[in-house]
Amino acid sequence: MSSPSDARLPILTPEIGKYIDDLSGPEEELLDRLEQHAEDREFPLIGRTSGRWLELLTRAIQGKRVFEFGSGFGFSAYFFAKAVGSNGTVIGSEFDQWELDDHKRLYGDHPFTNRIDIRKGSAFDILDSTTGDFDVALIDIEKVDYPKALEAALKRVRPGGLILADNVLWGGKTARQADPDDEGTAALQSFNQQLFNDPRIQTSILPTGDGLSVSLVLP
Ligand SMILES: C[S@@+](CC[C@H](N)C(=O)[O-])C[C@H]1O[C@@H](n2cnc3c(N)ncnc32)[C@H](O)[C@@H]1O
C-alpha cells in the first residue's frame with residue numbers, strides 16, 4: 001500500500017501543516033466525507049495539501065485529460081476533476097472492487113461523476129486500453145511498480161504535460177540507506193534517481209504530504 005510501513009514522518013510540523021490548510025479555506029462537504037471514510041478504513045490518501053497541488057498544477061497547464069495509476073475511491077480524482085472542468089476527463093484505475101463501490105456511494109450524484117471514470121483492473125492494462133495523449137498522470141500504486149509506471153506514463157503524457165508521483169519521500173525512508181529486504185523503498189529510490197536523470201523530463205520534489213514529485217515532459 002502507499003503509506004510508509006513505519007510511522008509517517010511529517011515533513012512539516014503539524015502546526016505549519018494546519019496553518020497552510022487553514023489558509024486554503026474549506027472545501028465542499030464531499031471532501032470531508034471522503035476523508036472521514038479514509039480515516040475509518042485507515043486508507044492512505046494523498047492528503048488535502050497535496051491534492052491542492054494536483055489541482056493547481058493541472059490548471060497551470062490547462063490540463064483536460066488526466067490518468068491515475070491507483071485511484072482508491074477517488075480522493076485525488078476530486079482535485080483533478082475540479083481542475084479539468086466540465087469538459088475534462090479523469091480516467092482512474094483500481095484493483096479493488098470495494099473501492100469502486102465506495103467511490104460510487106460516496107460521490108452519489110455529485111456533478112464530478114461525469115468527469116471521473118475509475119476503471120477496475122491493473123493500471124497498466126487500463127492505460128493500454130485507452131488511446132490518445134494525457135496532459136497529466138499521477139502515479140500512486142504499489143511502490144515496486146513505480147519505475148514501470150514511469151516508463152508507461154512517458155509514452156502517453158504529451159510534451160509539456162506533467163507526471164506526478166506521491167510518496168517519493170516515503171516517510172523519510174528514501175533519504176536513508178534502504179534495508180536489504182525493503183523492496184518498496186529500494187524501488188522508490190531507483191524511481192527518484194530515474195526522475196532526476198532521465199533527459200526526457202525535468203523533475204523537482206514538493207515537500208508536501210509524503211513527498212510529491214513533479215516532472216515536466218520536455219518537448
Ligand atoms: C494509495 S491508494 C490511491 C489513493 C488515491 N490516489 C488518493 O489519494 O485518493 C493506492 C491504490 O492503488 C491500488 N493499486 C495498487 N497497485 C495497482 C495497480 N497496479 N493497478 C491498479 N490499482 C492498483 C490499490 O488497490 C490502492 O487502492
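The radius of gyration is taken over C-alpha atoms, and the globule rule is 2.2 Å times the number of residues to the power 0.38.

**Figure 1. The whole protein, as an overview.** This is a predicted model, in which local features need pLDDT of at least 70, side-chain atom pairs count only at pLDDT 80 or more, and totals for chains, interfaces and linings use all residues. Residues are numbered from 1 along each chain as its sequence is written. For 219 residues, the rule puts a compact globule near 17 Å, and the protein agrees with its 16 Å radius of gyration. Along the principal axes, the C-alpha atoms fill a box of roughly 45 × 40 × 35 Å. The protein has eight helices and seven strands; these are DSSP runs numbered from the N terminus, helices being H or I of at least four residues and strands E of at least two. Buried residues account for 42% of the 219. Here a residue is buried if 20 or more other C-beta atoms lie within 10 Å of its own, exposed if 12 or fewer, and partly exposed in between, with C-beta atoms placed from the backbone. Among contacts between residues at least 6 apart in sequence, 71% join residues at least 24 apart, a contact being two C-beta atoms, placed from the backbone, within 7 Å.

**Figure 2. Helix H3 against helix H4.** Two packed helices are described by the angle between their axes and the distance between the axes. The axes of H3 (residues 48-60) and H4 (residues 75-84) come within 8 Å and cross at roughly 30°. Axes are lines fitted to C-alpha atoms, for helices over the stretch in contact, and angles run from 0 to 180 degrees between N-to-C directions. H3 and H4 are therefore roughly parallel: angles under 35 degrees count as roughly parallel, over 145 as roughly antiparallel, 65 to 115 as roughly perpendicular and the rest as oblique. From H3, Gly-51, Arg-52, Leu-54, Glu-55, Thr-58 and Arg-59 meet Phe-75, Ser-76, Phe-79, Phe-80, Lys-82, Ala-83 and Val-84 of H4. This contact of H3 with H4 has six nonpolar, three polar and four charged residues, where Ala, Val, Leu, Ile, Met, Phe, Trp, Tyr, Cys and Pro count as nonpolar, Asp, Glu, Lys and Arg as charged, and the others, Gly among them, as polar.

**Figure 3. Helix H1 against helix H3.** H1 (residues 14-24) packs on H3 at an angle of about 50°, with the axes 10 Å apart. That makes H1 oblique to H3. Look for Gly-17, Ile-20, Asp-21 and Ser-24 in H1, which meet Arg-48, Thr-49 and Arg-52 in H3. By class, the contact of H1 with H3 divides into one nonpolar, three polar and three charged residues.

**Figure 4. Asp-117 in its strand.** Asp-117 sits in strand S3 (residues 116-120). With 15 other C-beta atoms within 10 Å, Asp-117 is partly exposed. Leaving aside neighbours within four places in sequence, Asp-117 is in contact with Thr-89, Val-90, Ile-91 and Gly-92.

**Figure 5. Two loop residues with positive phi.** Gln-62, in the loop between H3 and strand S1 (65-69), has a phi near 50°, a positive value in a residue other than glycine. Gln-62 counts as exposed, with 12 C-beta neighbours inside 10 Å. Asn-167 lies in the loop between strand S5 (157-166) and H8, and its phi is near 70°. Asn-167 is buried, with 29 other C-beta atoms within 10 Å.
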